[in-house]
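The exercises below each pose a task and then work through it step by step. Please keep the sequence and the 3D view open while reading.

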Amino acid sequence: MSNIITAENLSFAYPPQEGKLAIPVFENLNLEIAEGSFTVVIGPNGCGKSTLAKQFNAVLLPSGGKVYVLGNDTSNEQTLLEIRRTVGMVFQNPDNQIVSNVVEEDVAFAPENLGVPSAEIRKRVDDALKTVGMYEFRNHAPHLLSGGQKQRIAIAGVLAMQPRCIVLDEPTAMLDPRGREEVIRTIRTLNRARGMTVVLITHHMSEAIDADRVLVFGNGGILADGSPREVFTQVELLRAANIDVPQTTALLYELKRQGWDLPLDALSTEECAEAIANALLTQTERSQK
Amino acid sequence: MPPVIEVRELTHSYSVGTPFEHVAIEHVNFTAEAGEFLALIGHTGSGKSTLIQHLNGLLKPNSGTVLFHGEDIWKDKKFTRTIRSKVGLVFQYPEYQLFEETAFRDIAFGPKNMGLSEAEIRQRVLRAASFVGLTDRLLEKSPFDLSGGQKRRVAIAGVIAMEPEVLILDEPTAGLDAKGRQEILSNIRAYQKAQNATIIMVSHSMEEVAELADRLIVMKNGRVDAIGTPSEIFRQAEHLRAIGLGAPQVTEVFRLLREKGLELPADTYTLAYAVKALCRFREGGGHA
């Protein structure tokens, strides 16, 4: 599989402000995002996750090194529009992303700016609103919707650009469990059914369980990189970096410390229950012998 | 003695008289006692935010009443005004509301509006800052130079500085990492204990409310669906899932284990209790 995003020796520092030094966020970072993959990025507050995400569609440019989107250098202004069309971004707070007084006009904002013909815009807007389950609200005023609904409108707005990659910066931080599930299900469908590349930044570990890859970010670099199972079994490393593990992993970890013989990589509640039941069964058999 | 807060048959609609008119909450009833920690849970749009804005008089009920120590908070203008400082409300993402030149002045804004003396204001700011673990050095900084977690603690301190009897927080830990979450939650607990204050916290984390709350209020489509202790509420995990909530993961694991025929307690909702119950079960050779 080819890479949609490549970072080479990427360094970034916010420029110095009056009387203060420049603050380096990360240095010499090398990273590739495969086209069609689902990557989850986790890390403590202030570790540079959002700064990294903004490098992916040239909202921020590297201080050193390069970022390429489909081979195009993000610091090349000639290809800026193409990069923005390829990688769409969704931010944490939907209120900062909504511009219109009517839902469908808001979703049409990006394709209008891209000069898409109006019949095509109509189709894209309807498609995007149906994908996020907000079609019936197309004539509503966004400010009267709940936070979760607004966030789905913001996602629809990005979908209407038909990007090949979507980067979401904590899109579920303000949502309830159902809203979270709807947004995650939407994102997963985009990835699995439409082959869209997804980069999801989140604090909710349960959202990382189904990803192809989990990247743990901290101290200006990558602390761990692998499948969810490979990453979440490193409980000490994660806790040291102020990252929660899923409660299932925490339960298995505590039991293991009490001398239970258990695997740590049973992430779903079903796998976790299965593992505990097996451990209890093995012990009963042993004590009967 | 009447409870600190009593809500009776509270109903509120938005955009009354327009095509967008809709009922946000209806016939809501509950009480909150001194020193009690209540968690308010419910899916997005279930009316939680509308409800809490009634408790300090930011919204006026269409019908029904909100009583503070047995008195209607709308009985006269002066009383309504005092309620704004007796019932402190911390909004979602309160750090977006910081505006002063220093963290100290931002925290002082509330007490200043209460017409307190300079000395009293200073004392309150320092006390509030210590509740949320802000050092003197941080207090002299511009709030915009602080980290996300610190900014949020400044915003919470701004409400605590009014020394409200009831502290209401709308998703105080949203968007924070594990350490930031734990710090904020222990700050809230410290305030509750020291002042015997009533805490009402809106949260979407079932794990969080399971650990902290004395009672849970479950909202569904603008109505109170259930009120009870975490044990009473999380027993009905199926029902919670049906209304878009769910239970802590350990509760779900225990439900699955019980389905497999293991005799484990059905009311398990915290990690510590789950570990204890499982170890006891194992030592008992398969009996809890």
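What distance separates the centres of domain 1 of chain B and domain 2 of chain B, taken over C-alpha atoms? The centres are 35 Å apart, where domain 1 covers residues 5-230 and domain 2 covers residues 248-288, with bounds that come from an automatic or database domain assignment. This is a predicted model, in which local features need pLDDT of at least 70 and side-chain atom pairs count only at pLDDT 80 or more, whereas totals for chains, interfaces and linings use all residues. Residues are numbered from 1 along each chain as its sequence is written, and chains are lettered from A and ligands numbered from 1 in the order in which they are written.

**Exercise 1. Describe how the two domains of chain A meet.**

Step one is to locate the domains: domain 1 of chain A runs over 3-245 and domain 2 over 246-289. Their C-alpha centres lie 36 Å apart. Step two is the contact itself (C-beta atoms, placed from the backbone, within 7 Å), to which domain 1 of chain A gives nine residues and domain 2 of chain A gives eight. Helix H7 (residues 228-232) of chain A provides three residues, the largest share of the domain 1 side; helices are DSSP runs of H or I with at least four residues, strands are runs of E with at least two, and both are numbered from the N terminus. Step three is the class of that domain 1 side, which has six nonpolar, two polar and one charged residues; here Ala, Val, Leu, Ile, Met, Phe, Trp, Tyr, Cys and Pro count as nonpolar, Asp, Glu, Lys and Arg as charged, and the others, Gly among them, as polar.

**Exercise 2. Work out which side of helix H12 of chain B is buried.**

Begin with its dimensions: H12(B) spans residues 271-283, has 13 residues, and reaches 18 Å from its first C-alpha to its last, close to the 18 Å expected at 1.5 Å a residue, the expected span being 1.5 Å times one less than the number of residues. Then list its buried residues, Ala274(B), Val275(B), Leu278(B) and Arg282(B). They lie on the same side of H12(B) because they cover an arc of only 95° around the axis, as judged from the directions from the helix axis to the C-beta atoms. The face turned away from that buried side carries the exposed residues Ala272(B) and Glu283(B). A residue is buried if 20 or more other C-beta atoms, placed from the backbone, lie within 10 Å of its own, exposed if 12 or fewer, and partly exposed in between.
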